[in-house]
Amino acid sequence: MNTPAAPSSRVPPATPRPPVRWALALSSLVLRAERRLLMLLMAALLLLILLNVATRYSGMPLYWVDEAAVYTVVWLTFLGASVMTRLRMDFAVGMLTDHLGPRSARIAKTVATSCVLLFGLALLWMCWVWMDPVGIARFGFDAKEYAAESFNFVYTERTQTLNWPTWVLQLILPIFAATFSVHALANLLEDMGLAERVAHPGFDVVNADAVN
């Protein structure tokens, strides 16, 4: 006579509550947008480098290409850092957590992820104070009048060769702060056990060891 199999002791995870699902969905949406933007910026960087080589070889160098390539790398760096945060490829020190039990290690990871989220929110607040959108709106978006009153010249400065407003290129800082905070919140919800870890299709490299 066959003995009925004992029921599994593992309790299936409960369906996350709507706010948790919304936070994870937002993080996934941002991650997909970042992936597409990274691909576009990498293609742009390649074209800029080829253009720089071709114009220099022909004896007609374009000086703005160097500056454009530098700013492209800056945007790539910040976007890549945001993506790595969600993929959990950021730096981690395991000297303590490797010697802790599962419950203690989970608490330590939750505390660490909470600190990451606080850093992202603090950076977002600093960008708000620095760029002061309410302040410049109060002056009718007149950059010179705003700078004369507040001594904040972020909206009057321009790049050297491209002659672009620097604040447009510096928008990557508040963008990074916002996306970084969204990803940190999603990681925190997963670390707290409020949701299962989400798989991220399109990102084959999911850990630092796979890079090597």
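This is a predicted model: local features need pLDDT of at least 70, side-chain atom pairs count only at pLDDT 80 or more; totals for chains, interfaces and linings use all residues.
Close-up 1. The axes of helix H1 (residues 18-57) and helix H2 (residues 63-86) come within 9 Å and cross at roughly 155°. Because angles over 145 degrees count as roughly antiparallel, H1 is roughly antiparallel to H2. The crossing in which H1 passes H2 is left-handed, and the contact of H1 with H2 comprises, by class, 18 nonpolar, five polar and four charged residues.

**Close-up 2. The largest nonpolar core.** This core has 17 residues, and those with the most contacts inside it are Val83 and Leu87. H1 and H2 are the elements that give two or more residues to this core, with H2 giving the most, namely seven residues.

**Close-up 3. Helix H1 and the residue just after it.** Just after H1, glycine 59 adopts a positive phi of about 85°.

**Close-up 4. Arginine 88 in the loop between H2 and helix H3 (102-131).** Arginine 88 is a residue other than glycine with a positive phi, near 60°. Its relative accessible area is 25%, so arginine 88 is partly exposed.

**Close-up 5. Asparagine 163 in the loop between helix H5 (143-150) and helix H6 (166-169).** Phi of asparagine 163, a residue other than glycine, is positive and near 60°. With a relative accessibility of 44%, asparagine 163 counts as partly exposed.

Terms used. Residues are numbered from 1 along each chain as its sequence is written. Side-chain values use heavy atoms; hydrogens and water are left out. Axes are lines fitted to C-alpha atoms, for helices over the stretch in contact, and angles run from 0 to 180 degrees between N-to-C directions. Helices (H or I, at least four residues) and strands (E, at least two) are DSSP runs, numbered from the N terminus. Angles under 35 degrees count as roughly parallel, over 145 as roughly antiparallel, 65 to 115 as roughly perpendicular and the rest as oblique. A crossing is left-handed if the near helix is turned anticlockwise from the far one by less than a right angle, and right-handed if clockwise. Ala, Val, Leu, Ile, Met, Phe, Trp, Tyr, Cys and Pro count as nonpolar, Asp, Glu, Lys and Arg as charged, and the others, Gly among them, as polar. A nonpolar core is a set of buried Ala, Val, Leu, Ile, Met, Phe, Trp, Tyr and Cys residues joined through side-chain atoms within 4.5 Å. Buried means under 20% relative accessible area, exposed over 50%, partly exposed in between (1.4 Å probe, protein chains only).
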